[in-house]
Amino acid sequence: MPNKRSRKTKKQQFYCPYCQARLWRTGSPKHYIYYQGISEIQKNLNISRKKANFLIKQNNTYLDRSSWIEDFCCEQHGKMWLKISSKVNGLMEVSLANENDWKNTTGTINPNIPNPSVSEFSYRMSRKSKIRSN
Ligand SMILES: [Zn+2]
């Protein structure tokens, strides 16, 4: 049988928040957002306290699999980190990742904020051994 039916999930395209040009994915990992504490979950997911309480059971955090920070590249503006939120209606909400977003990602730090002591440390570490460069 012919597999002609157009796939329902159209490939999402992302656009530069500065110039609206089409963005390229750089192939970075998705840094998923998590929420900590009932009120934060409630606020971000727009759900009832009861539901938030149910979600939080595990370890006081909720990993939002529909929101993440990903690296993109614009021809004009270069690389940028965008926060993507996949909404229930299938639309994607895109915004520049801010410091607060980074705080809520899965164990990552904001690469846009240089931290000399940390990078120096990891530099020295990487000279010693090449473990977990990824
Ligand atoms: Zn741009």
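The largest nonpolar core of this predicted model holds eight residues: Leu23, Ile33, Trp68, Ile69, Phe72, Trp81, Leu82 and Ala97. A nonpolar core here is a set of buried Ala, Val, Leu, Ile, Met, Phe, Trp, Tyr and Cys residues joined through C-beta atoms within 7 Å; buried means that 20 or more other C-beta atoms lie within 10 Å of the residue's own, with C-beta atoms placed from the backbone. Two elements give two or more residues to this core, strand 3 (61–74) and strand 4 (78–86), and strand 3 supplies the largest share, three residues. In soluble globular proteins, nonpolar side chains tend to be buried together.

Let's stay with Leu23 for a moment. Leaving aside residues up to four places away in sequence, Leu23 touches Phe14, Tyr15, Cys16, Phe72, Cys73 and Cys74, where contact means C-beta atoms, placed from the backbone, within 7 Å.

Now step back to the whole chain. Four helices and five strands make up its secondary structure, in the order β-β-α-α-β-β-β-α-α; these are DSSP runs numbered from the N terminus, helices being H or I of at least four residues and strands E of at least two. Of the 134 residues in the chain, 13% are buried.

Finally, look at the helices. The axes of helix 1 (residues 38–45) and helix 2 (residues 49–56) come within 9 Å and cross at roughly 115°, the axes being lines fitted to C-alpha atoms over the stretch in contact and angles running from 0 to 180 degrees between N-to-C directions. Helix 1 contributes Ile38, Ile41 and Gln42 to the contact, and helix 2 contributes Arg49, Ala52, Asn53, Leu55 and Ile56.

Residues are numbered from 1 along each chain as its sequence is written. In this predicted model, local features need pLDDT of at least 70 and side-chain atom pairs count only at pLDDT 80 or more, while totals for chains, interfaces and linings use all residues.

Conventions:
A residue is buried if 20 or more other C-beta atoms lie within 10 Å of its own, exposed if 12 or fewer, and partly exposed in between; C-beta atoms are placed from the backbone. Two residues are in contact if their C-beta atoms, placed from the backbone, lie within 7 Å.
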